[in-house]
Amino acid sequence: MTKNFSHKQPYPLGAHLEGGGVRFSFVSRAESCGILLYDRQTGRLSEKIPFAREDRIGNVYCRAIGDIDTKARTYLFYEDECLVPDIRGRVFPKRVPYGKERTAEDMKAGFLAEDFDWEEDCFPRIPYHLSIAYCLHVRGFTKHASSGVEHKGTFAGIMEKIPYLKEIGITTLELQPAYEFTEIPLKEECLRKNPQNLIYAMAAGETDRPAVKKLNYWGYKKGYYYAPKAAYAASDDAAGEFRELVKALHRNGMELVMQFYFPKEIKNSEILDILCFWVLEYHVDGFHLLGEDLPMDMLAGDDVLADTKLWYYGFNTDNIYEWNEHPKYPHLAEYNDAWYIDMRKFLKGDGNMLGAVLYHMRHIPQKAGAIHYLSNYFGFTLADLVSYDYKHNEANGEENRDGSDYNCSWNCGDEGATRRRSIRALRLKQMKNAMCLILLSQSTPLIFMGDEFGNSQKGNNNPYCQDNTVTWLDWRGIERYAGLHAFWKMLVGFRQRNPILRPEKELRLMDTLCCGYPDMSYHGKYAWRPETEGYYRHAGIMLCGKYAPASKDADGDFLYIAMNMHWENRSLALPKLPKGMKWELAFSTEPESLRKEDADEQSDTLLRQVPPRSIAMYVAKDAGKN
C-alpha cells in the first residue's frame with residue numbers, strides 16, 4: 001500500500017521522483033479524477049488513488065506518494081470513467097509497433113531511469129562556420145532493406161550509420177520529430193462521453209482527426225514532448241537508446257539537433273521547460289523550433305540554453321543582445337526558405353536572380369548563424385527538383401491537392417523518369433551545380449538525407465503520410481549515382497581545406513588588409529566589373545585566402561568560382577594574380593569543360609568560356625610548378 005507525504009507542490013506538472021516517492025500533478029476540471037498504478041511487467045492495475053478536494057490548487061491536483069517501486073510501476077491518470085495518458089510522461093514502456101493504432105491503456109507512462117552512465121560525455125559545440133548539417137527522418141533513414149543495418153528504422157540504426165555520416169563530412173544531425181507522438185490517433189473510447197476529458201485529448205493532439213485515420217509519418221503535431229518515441233527504438237528502453245545515440249555522436253565529434261513543433265496552445269513557460277529537459281536529461285545539442293509566434297527572445301536569453309543551438313525562421317538580435325554585446329558562442333541561427341527559393345530559381349535559369357544569389361552566398365547574420373539548403377523534408381528532394389515540373393502527390397489520397405505548387409523546379413526536358421541520355425546527363429550536372437551552390441556558400445550548409453546520392457521520392461513533395469519506399473532512403477543510390485556521391489565528398493573536402501569558404505563573419509567586399517585584393521570580389525566579362533542586370537545569369541566570385549586563418553592544406557591563396565546558369569556559353573574574366581602565380585582549374589560540373597583561354601592584353605586578365613549551366617572552381621597556383 002502506498003503512503004502519502006508532503007504534496008503541496010503543483011509544479012512541475014506530471015510525475016516526478018521526490019524524497020523516495022513520486023509527486024503527481026495533474027490538470028483537471030472533472031469532478032472525479034486520480035492516479036492509476038499498474039504492474040509494469042503484467043500491465044495489471046495494482047492501485048487506484050483518487051485525488052481529494054484538499055489535493056486541488058486551482059485546476060491542478062497534486063499528491064506525493066511514497067513507497068513506489070518506480071522500476072516496477074507504470075501509471076495513467078483518470079477522469080470519471082476515462083483513462084488519460086500523461087502528456088508530460090517521461091517514458092512510455094509499451095512498444096506498440098509503428099503504425100498500429102493505440103488505446104489510452106497502451107500509453108501507460110513509466111519513470112525515467114537516473115542511473116545512465118554518460119561517462120566523459122561533453123557537448124562538441126561546433127561553431128556554425130565549421131558545421132555541415134544533415135536532416136533525416138529516424139525511421140526513413142534506415143528502414144529500407146538496402147540500408148544494411150541490423151536495427152532498421154531506429155535510433156540504433158542511426159548509430160550504425162555514424163561512420164558513413166562522418167565519411168561524407170556531416171557534423172550535425174537534424175532529426176524530424178523524434179519525441180513521442182501518435183502516428184495514428186488514439187482510439188476514442190470514452191473521450192466523447194465526458195466533454196471535460198476533451199481538454200486532455202486535445203492536449204495530446206488526438207481530436208482533430210479526419211474520418212479516415214491517416215498515418216502521420218512526419219509527426220508535426222502536438223506530442224508527448226518529454227519522451228523519445230518508443231517505436232523508433234530497437235530495444236524496450238527508448239530513453240536509454242536515445243542517450244546512447246547522443247553519446248555515440250558526441251564521441252565522434254558530432255551533434256544532434258531535434259525538431260520540435262509547438263502549436264499555439266503550448267504555453268511559453270512549458271516550451272522552455274521542455275527544451276531545458278532535453279538538454280539536461282539527454283545532452284541534446286540544439287533545437288529547430290517550428291510553430292508560430294514562439295517566445296524566441298525568452299528562449300535565446302535563457303542561461304541554461306546559452307550554449308544550445310536554436311534554429312528558427314529569424315531572430316531580432318537587437319532585442320536579445322546589447323548593441324555592443326557579442327556572444328562568445330553564437331548559438332542562434334536563421335532557418336528560413338529565402339535562400340532555398342532564390343537558389344532554386346537561379347539553378348533552373350530564371351532571370352533577375354543574380355543579385356540575390358551573390359548576396360545569399362556571402363550572407364552571415366550579425367551575432368547569429370544561418371542554415372541554408374536547396375531541399376528539405378518538405379518539397380522536392382534534390383533529384384526530384386531536376387526531374388519534375390509539377391508535384392505528384394496522388395498517393396497521399398488527396399487528389400494531388402496537398403503540398404506546395406510553388407516548387408521552383410525544372411524537369412530538364414522530360415517529366416519524371418526518362419531513358420534519354422542527354423536529359424539524364426543534364427540532371428546529373430544540375431545536381432552537381434546544386435551541390436556547389438550549397439557547399440560554396442558561406443553560411444551553414446544542410447542537405448536532406450539521400451540528396452548526396454540522388455534519392456527520389458517519385459515527385460511527391462509532401463509525403464507526410466507515406467511510410468513506405470517513397471520515404472525510406474534507398475541506399476542503392478550510392479552505387480547508382482557513384483559519381484555524384486564522389487562529387488559531394490570532393491566538395492566537402494575542398495570546403496574543409498579552404499577556410500575562406502567558411503568564414504566566421506560575413507566578408508566585407510573590401511581590402512581591409514591593404515594587400516591589394518579585397519576579401520571577396522565579383523567579376524563579369526571584364527575583371528572587377530560584375531554584370532548583375534536582370535538578364536545576366538553568370539558571374540565570377542574571387543576569394544582571397546589572406547582573410548582566413550592560415551591553412552597549409554589550402555588549395556591556393558586565391559579561389560575563383562565561375563558560375564553560368566544560362567543555356568549558352570558565357571565569358572568570365574579571371575583577375576591578374578601576383579607575380580609568379582597562375583590560375584588552374586580545380587573542378588567543374590561540366591564533364592568536358594571548355595578550357596580555351598583568351599588573353600585580354602589591355603587588362604592582363606584571362607577570359608574563360610564557361611559552358612552552359614555549369615560551375616567551375618579555379619585556384620591560384622605557383623606558375624613554376626606543374
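Over the ring of which residue does the charged end of lysine 309 sit? The charged end of lysine 309 lies over the ring of tyrosine 128, where a charge counts as over a ring if NZ of Lys or CZ of Arg is within 6 Å of the ring centre and within 35 degrees of the ring normal. Both such contacts described here are listed in the table.

| Charged residue | Ring | Distance to ring centre |
|---|---|---|
| lysine 309 | tyrosine 128 | 5.2 Å |
| lysine 108 | tyrosine 38 | 4.7 Å |

The model is predicted, with local features needing pLDDT of at least 70 and side-chain atom pairs counting only at pLDDT 80 or more, whereas totals for chains, interfaces and linings use all residues. Residues are numbered from 1 along each chain as its sequence is written, and side-chain values use heavy atoms, without hydrogens and water.

The structure contains 49 aromatic pairs, that is, rings of Phe, Tyr and Trp (its six-membered ring) with centres within 6.5 Å, counted as stacked if the planes are under 30 degrees apart, edge-to-face if over 60 and tilted otherwise. Among them, tyrosine 225 and phenylalanine 260 form a tilted pair, at 6.1 Å centre to centre and 40° between the planes. This pair links strand 13 (residues 224-228), which holds tyrosine 225, to strand 14 (residues 255-261), which holds phenylalanine 260, the two residues being 35 apart; strands are DSSP runs of E with at least two residues, numbered from the N terminus. Tyrosine 225 and phenylalanine 260 are both buried, meaning under 20% relative accessible area with a 1.4 Å probe and protein chains only.

The ring centres of tyrosine 560 and tyrosine 618 are 6.5 Å apart with planes at 70°, so this pair is edge-to-face. Because tyrosine 560 belongs to strand 22 (residues 558-564) and tyrosine 618 to strand 27 (residues 614-622), the pair ties together parts 58 residues apart in sequence.

Conventions:
Helix = DSSP H or I, 4+ residues; strand = E, 2+ residues; numbered from the N terminus. Buried < 20%, exposed > 50% of the residue type's maximum accessible area, 1.4 Å probe, protein only.
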